[in-house]
Amino acid sequence: ETPLLEVRNLQTHFFTELGVVPSVNGVSFSVKKGETIGIVGESGCGKSVTSLSLLQLISDPGKIVGGEILFNGEDLTRLSNKQMRKIRGNKISMIFQEPLTSLNPVFTIGSQISEAIRLHQNVNKEEAKEKAIVMLKKVGIPRAEKHYYSFPHLLSGGMRQRVMIAIALSCNPQLLIADEPTTALDVTIQAQILLLMKQLSTEYQTSIIIITHDLGLVAEMADRVVVMYAGQIVEQNNVYELFKNPKHPYTKGLLNSIPKIHQLKDQLESIEGNVPIPSQLPAGCKFHPRCAAALEKCRFQDPPLFQAKQGAEVRCWLHQEEVIGV
Ligand code: SF4
Ligand code: MG
């Protein structure tokens, strides 16, 4: 089965006064129909730039300088703006972290959902309104007929995020990209929103790419996990093996920083050191300044991506078996 999305050797660079910043530097992964992929990493690792690249929303001084983004076999990097507008919000939808900035404050939520529906479906105003109310009910907005006429600021953060999900799914997309979709919400609401996304993606057979710094969230949601560091994929595997047999020292560090039951917050281990500034990446393995397991060669030689045990793809000299990428 050909995947819905296949990203091959994606490179997105920013041409700044300080030099060329390789924010995404040779990223390859694929997403099957109905599959949920988690892209994880600390902020600045390139995960958001990856998702914006998929939608062709990189603007100056950023540019996709290499690679392919095959969506249903068609390379999105070769499409015109006009062709891309037909795909965005239609075949590929996106949910961002803070719905207030994506919802228009001067229009009612109902009119914004209707608008999204009418943009992509051949329906009249009345039909669009009916559909919008169905969507509001689906995402669990109480008294949907009444809230159709509410303005965004009258809703709570969680309710606004439900509205965003309604808008994102109203065109029945094949792929939903959710960038830190619940970060601004409290834990209980987060769980509800994620459950909702999961239910709806199953119902609609939508594939999801969820971008997050939170591995706990990925454990709940994703079938497969892509771990990014300094613009590269450092580990990729199915969610079960990644949690059971993490290989890359960075993945292990992220796993150790997830709170466990009966563990006090100050007992959490965090990974020492900081994400490198993308314009000043270290030589050798990009993670070596923070890696307790670093070997001498790690300071000089950048590891390629290896096919390791348990199906893992790992960018680390400690797991070198068969080279599968650079
Ligand atoms: Fe650590 Fe070396 Fe592996 Fe990089 S290649 S993660 S520095 S052991
Ligand atoms: Mg981000």
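A: Let's begin with the domains. This is a predicted model, and the chain is divided into domain 1 (5-91 + 173-325) and domain 2 (101-172).

Q: How far apart do the C-alpha centres of domain 1 and domain 2 lie?

A: They lie 30 Å apart. As for what touches, 15 residues of domain 1 are in contact with 13 residues of domain 2. Helix α8 (residues 187-204) gives the most to the domain 1 side, with seven residues.

Q: And how do the residues of that domain 1 side divide by class?

A: Count the classes: 11 are nonpolar, four are polar and none is charged.

Q: What should I make of the radius of gyration of the chain?

A: The idea is to set the value against what a compact globule of equal length would give. For 326 residues that would be near 20 Å, and the chain has 21 Å, so the two agree. Along its principal axes, the C-alpha trace spans about 70 × 50 × 45 Å. Buried residues make up 40% of the chain.

Q: Now the secondary structure. How many helices and strands are in the chain?

A: The chain has 11 helices and 13 strands. Nine strands form an open sheet with mixed pairing, in the order β6-β7-β8-β3-β9-β10-β12-β11-β13.

Q: Why is one side of β6 and of β13 left without a neighbour in the sheet?

A: Because β6 (92-95) and β13 (322-325) stand at the edges, and each has a single partner strand. Take the β13 end: β11 (residues 305-307) runs antiparallel to β13, and three bridges join them. You can find F306 standing opposite V323 there.

Q: How do I read a helix that packs into the fold?

A: Start with a general point: an α-helix has 3.6 residues a turn, so residues three or four places apart point the same way. Then look at which residues are buried. In helix α11 (residues 249-256), those are P249, Y250, T251, G253 and L254. Next, see what they meet: the buried residues of α11 pack against strands β3 (36-40), β9 (224-229) and β10 (232-238), and against helices α9 (215-221) and α10 (239-244).

Q: Last one: which residues come nearest to ligand 1?

A: With a ligand, list its neighbours and then sort them by class. Of the 14 residues around ligand 1, C285, H288, C291, C298 and C316 come nearest. By class, the shell has 12 nonpolar residues, two polar and no charged ones. Mind the bookkeeping here, since Cys counts as nonpolar.

Technical notes. Residues are numbered from 1 along each chain as its sequence is written. Chains are lettered from A and ligands numbered from 1 in the order in which they are written. This is a predicted model: local features need pLDDT of at least 70, side-chain atom pairs count only at pLDDT 80 or more; totals for chains, interfaces and linings use all residues. A residue is near a molecule or strand if its C-beta atom, placed from the backbone, lies within 6 Å of it. Two strands pair if DSSP finds at least two bridges between them. Helices (H or I, at least four residues) and strands (E, at least two) are DSSP runs, numbered from the N terminus. The radius of gyration is taken over C-alpha atoms; the globule rule is 2.2 Å times the number of residues to the power 0.38. A residue is buried if 20 or more other C-beta atoms lie within 10 Å of its own, exposed if 12 or fewer, and partly exposed in between; C-beta atoms are placed from the backbone. Two residues are in contact if their C-beta atoms, placed from the backbone, lie within 7 Å. Domain bounds come from an automatic or database domain assignment.
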